[in-house]
Amino acid sequence: MFQTLYSYFWWERLWLPANLTWADLEDRDGRVYAKASDLYITLPLAFLFLVVRHLFETYVATPLAGLLNVKEKVRLKATPNAVLEKFYAATTKHPKQADVEMLSKKSGCTVRQVERWFRRRRNQDRPSLLKKFREASWRFTFYLIAFIAGMAVIVDKPWFYDLREVWKGYPIQSMLPSQYWYYMIELSFYWSLLFSIASDVKRKDFKEQIIHHVATIILISFSWFANYIRAGTLIMALHDSSDYLLESAKMFNYAGWRNTCNNIFIVFAAVFIVPRLVILPFWIMHCTVFYPLDLYPAFFGYYFFNFMMVVLQSLHIFWAYLIIRMAQKFITGKVVEDERSDREETDNSEEEEEAAAAKNGPLSNGHPVLNNNHRKTD
């Protein structure tokens, strides 16, 4: 059964145009072609990326955060309460008013104290500023290096200037060593992002991020199998062109450099929107949808590749909407923030407590914690 499924999966009509077979893509006469087995190396490389990331965040990003004076916000801890903790863990982190009143009776706390407890408990689960800075630093470093390397790989190629060259001689197109490593490193990095997504900072577009990583992995892998390498390198370089700007804006935002963050964000918005909403659909996707039909009839691989491109383009439109919302805030003079981020929850009384905590140490219900560890009841 496994052999039957394997044969169906690698059926030539799924991956290659009519009248072509896998034998046509066997290495010969000094010409080297992409092979599915090449991608096995990306999984161990992905785990290597996770190790390198840990070392980078520990020995580079953390000291850098100290130099940029990235400070943690003082967070007041929720007083241990078994009744409220059970409801928080098993039911919801955002209780309705009826639930708050019910919990007030069960726990012996006032309604106000229950609301404050849930607010503090949610804040405890939110990622720290240092964690956000470290993640942004890692992604900034990779995306910047990947963009520079990607441009070095494709800038001297004829298909960078004439998109019809992308399909010249397809699929009998020999693979270059630079293209091989560009693909392996990019795919390995996205595997590492998928592996670490559960432990990374979770934002409001968490599901969209998963879809993006999966779609990117599928698209890169498929383009390798079907020898869509020229188109693939163009698409990867285009995506890397703006990501490092977003991560650098986040870094300066976490460091409190508001003006620098806002200025970088404006550049990022332009670099994101123009390549992904103009160049990608009207140049690159036009190239992948129409030019191949001049050479061979449409086949399953052609439809599948372009379907995955549509999925990515839909995500770009979603993120462009968030970027435009942030741009509106910038234009109206409001502080630019990541629309996808969870914000700290405070009210006036708690802000006063947090200010006092930063000055005098931890508080309990507005009173300093005594040295003998006795607390006033919250």
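In this predicted model, the largest nonpolar core holds 78 residues, and those touching the most other members are Val166, Trp167, Trp224, Tyr228, Ile284 and Met309. A nonpolar core here is a set of buried Ala, Val, Leu, Ile, Met, Phe, Trp, Tyr and Cys residues joined through side-chain atoms within 4.5 Å. Buried stands for under 20% relative accessible area, exposed for over 50%, and partly exposed for anything in between, with a 1.4 Å probe and protein chains only. Two or more residues of this core come from each of helix 3 (42-67), helix 7 (129-154), helix 8 (177-196), helix 9 (206-225), helix 10 (229-254), helix 11 (258-290) and helix 12 (300-331). Helix 12 is the biggest contributor, giving 13 residues. Helices (H or I, at least four residues) and strands (E, at least two) are DSSP runs numbered from the N terminus.

Leaving aside residues up to four places away in sequence, Met309 touches Leu219, Ile235, Leu280, Ile284 and Met285, where a contact means heavy atoms within 4.5 Å. Apart from this core lies another, of 10 residues, including Phe87, Leu103, Val114 and Phe118.

Residues are numbered from 1 along each chain as its sequence is written. Local features need a pLDDT of at least 70 and side-chain atom pairs count only at pLDDT 80 or more, while totals for chains, interfaces and linings use all residues, and side-chain values use heavy atoms, with hydrogens and water left out.

For the protein chain as a whole, the secondary structure amounts to 13 helices and two strands. Of its 378 residues, 46% are buried. Among contacts between residues at least 6 apart in sequence, 78% join residues at least 24 apart. The average pLDDT, the predictor's confidence in each residue on a scale from 0 to 100, is 83 for the chain, and 87% of the residues score at least 70. Confidence is highest in helix 3, at 95, and lowest in strand 2 (residues 367-368), at a mean of 38. Over residues 351-378 the pLDDT stays under 50, and the model has 39 contacts beyond four places in sequence for this stretch.

Turning to the annotation, the unreviewed UniProt entry marks "transmembrane region" at residues 39-56, 140-160, 210-229, 264-284 and 304-324. These positions are given in the numbering used here, with feature names shortened, and such annotations may be inferred rather than shown by experiment. Residues 39-56 are 83% helix and 0% strand, with end C-alpha atoms 25 Å apart. Residues 140-160 are 71% helix and 0% strand, and their end C-alpha atoms also lie 25 Å apart. Helix 9, with 20 residues, reaches 29 Å from its first C-alpha to its last, close to the 28 Å expected at 1.5 Å a residue; the expected span is 1.5 Å times one less than the number of residues.

The charged side chains deserve a look of their own. The whole structure contains 13 salt bridges, each defined as a side-chain nitrogen of Lys or Arg within 4 Å of a carboxyl oxygen of Asp or Glu. In one of them, the closest N and O atoms of Glu135 and Arg53 are 3.7 Å apart. This pair joins helix 7, which holds Glu135, to helix 3, which holds Arg53, across 82 residues of sequence. Both Glu135 and Arg53 are buried. Arg134 pairs with Glu57, again with closest N and O atoms 3.7 Å apart. Because Arg134 lies in helix 7 and Glu57 in helix 3, the pair ties together parts 77 residues apart in sequence. Glu57 has 9% relative accessibility and so counts as buried. Arg139 and Asp200 form a salt bridge at 3.2 Å between the closest N and O atoms. Here Arg139 of helix 7 is linked to Asp200, in the loop between helix 8 and helix 9, 61 residues apart, and both residues are buried. A network of salt bridges links Arg53, Glu57, Lys131, Arg134, Glu135, Arg139 and Asp200.

Some backbone details are also worth noting. Tyr170 and Pro171 are joined by a cis peptide bond, with omega about 0°, and Pro171 sits in the loop between helix 7 and helix 8. Asn69, although not a glycine, has a positive phi of about 60°; Asn69 is placed in the loop between helix 3 and helix 4 (82-90). With 46% relative accessibility, Asn69 counts as partly exposed. Just after helix 9, Asn227 takes a positive phi of about 65°. Asn227 lies in the loop between helix 9 and helix 10 and is buried, with a relative accessible area of 3%.
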